[in-house]
Amino acid sequence: MGDVVYDLREVRRSRYAVAAVFTVHGAVTGSFATRVPWVQDHASLSAGQLGFALAFTAFGASCSMPLAGRITHRFGSRTALRGLIALWTLSLVLPSLAPNMLTLCLAMFTYGASAGMADVAMNALGVEVERLLDRSIMSSLHGMWSAGALIGSAAGTLAAHLGSDARLHFALAAATLTLLGVLACRWVLDVQATEDEEPPPRFALPPKSALLIGTVGFCAVFAEGASLDWSAVYLRDQLDTSAGLAAACTTGFMLTMAVARLVGDVVVDRFGAVRTVRAGGALAVLGGLLIVVAGHPAVAMGGFALLGLGIAVVVPLCFAAAGRSGPNPSQAIAGVATITYTSGLVAPSLIGGVAQATSLVVSFVLVTVLACGLAAFAGVLRTGDRSRSEVSRPSAAVPDPRP
């Protein structure tokens, strides 16, 4: 990299542009999630077949993530992000066109692959902007992703309520989100590789640092996936609540995470990544214990809220730490992202398996035990703590692509 840095106004503008890209990325996920029942009916699938097809999302993401660094190296951060976010938004249409399980598996693989590559590219650029600003922004960026997911799910809920065809819904959503995403990319930083910089490998095992950081992310995403998919079931089956109150618990969990991420940067700047994650781990453990011992819906809902609050900023901080853990940020981020995606895939099915063999209470004992790992392993995120001496080194400066 060269040693010429961007103008501060340009960096700040890029921050808001990257935030807009995160919002668009989340909106695609929220849009799809609300129409899964329509997709299932259209493809005439059983619950087991649907679960098998949806697993291809994580499979596609895991296979494609290592490619994001090479694409960014070849085309530069702005062009790469513009192309990958467009590929992701347009892939939203594919699941609605699948008439059977085979075509849906292929559609979900493509959907997941485009999601994973765009995810790595936007997180790598977010880490770069954070380094230039010398203050935490990754939590708020992921908060914008959560906000986008809520917006997308709200629009999808309205479309489902009106009985609209998901093919039309997805086509309109994809066109709108593609336009917004491509426009936002006009103002992101265009970081270019130097001529003597070696391109990252097409496929490579994650570096050791990414594996350690990914362990922390695994614990957080496991708790998140378990809560999102099973919190409503927990209230309905264990505490005999109404369907409406059970659904409200899941919505409250999502809102807690979104708000915590949007304000989390202030806490991280004040206390640092390690202490923030340790404190979050303590809150998550307390939340898990309340869920396990809850005899009243209010106690369980409070437990899920604390759990969401405790894990909210962990994944953003893991990406930030990965981006600073070695000479190739995209490769490290791809490694951490692969581990967290795997956790998100494993959590819902493992919770269900444990519940089938024992009970949902025992399942959330497992969630609580993993939450202890946040406090135990938080020290590995110290590589992501910013320091002015690191930011000021010429070798870490961002080249100015302007003529």
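Author: A crossing is called left-handed if the near helix is turned anticlockwise from the far one by less than a right angle, and right-handed if clockwise. Helices here are DSSP runs (H or I, at least four residues), numbered from the N terminus. This is a predicted model, in which local features need pLDDT of at least 70, side-chain atom pairs count only at pLDDT 80 or more, and totals for chains, interfaces and linings use all residues. Residues are numbered from 1 along each chain as its sequence is written, and side-chain values use heavy atoms, with hydrogens and water left out.

Reader: Okay, which hand is the crossing of helix 9 and helix 10?

Author: That crossing is right-handed. The axes of helix 9 and helix 10 (residues 243-271) come within 7 Å and cross at roughly 150 degrees, where axes are lines fitted to C-alpha atoms over the stretch in contact and angles run from 0 to 180 degrees between N-to-C directions. Helix 9 and helix 10 are therefore roughly antiparallel, a label for angles over 145 degrees.

Reader: What residue classes make up the contact of helix 9 with helix 10?

Author: Among the residues that meet are Glu224 and Arg236 in helix 9 and Arg261 in helix 10, contact meaning heavy atoms within 4.5 Å. By class, this contact has ten nonpolar, three polar and three charged residues; Ala, Val, Leu, Ile, Met, Phe, Trp, Tyr, Cys and Pro count as nonpolar, Asp, Glu, Lys and Arg as charged, and the others, Gly among them, as polar.

Reader: And how does helix 9 pass helix 15?

Author: Helix 9 (residues 208-239) and helix 15 (residues 360-377) have axes that come within 9 Å and cross at roughly 155 degrees, which makes the two roughly antiparallel. The crossing is left-handed, and the residues that meet include Trp230 in helix 9 and Phe364 in helix 15. The contact of helix 9 with helix 15 has 17 nonpolar, four polar and no charged residues.

Reader: Changing topic, where is the kink in helix 14?

Author: A kink of about 30 degrees lies at Ala347, shortly before the proline Pro348, the bend being the angle between axes fitted to the seven residues ending at a residue and the seven starting there.

Reader: One last thing, what does Leu90 touch?

Author: Leu90, which sits in helix 4 (residues 77-90), touches Ala174 and Thr178, leaving aside residues up to four places away in sequence. Leu90 and Thr178 are 88 residues apart in sequence and 6.8 Å apart in space, C-alpha to C-alpha.

Note on methods. Angles under 35 degrees count as roughly parallel, over 145 as roughly antiparallel, 65 to 115 as roughly perpendicular and the rest as oblique.
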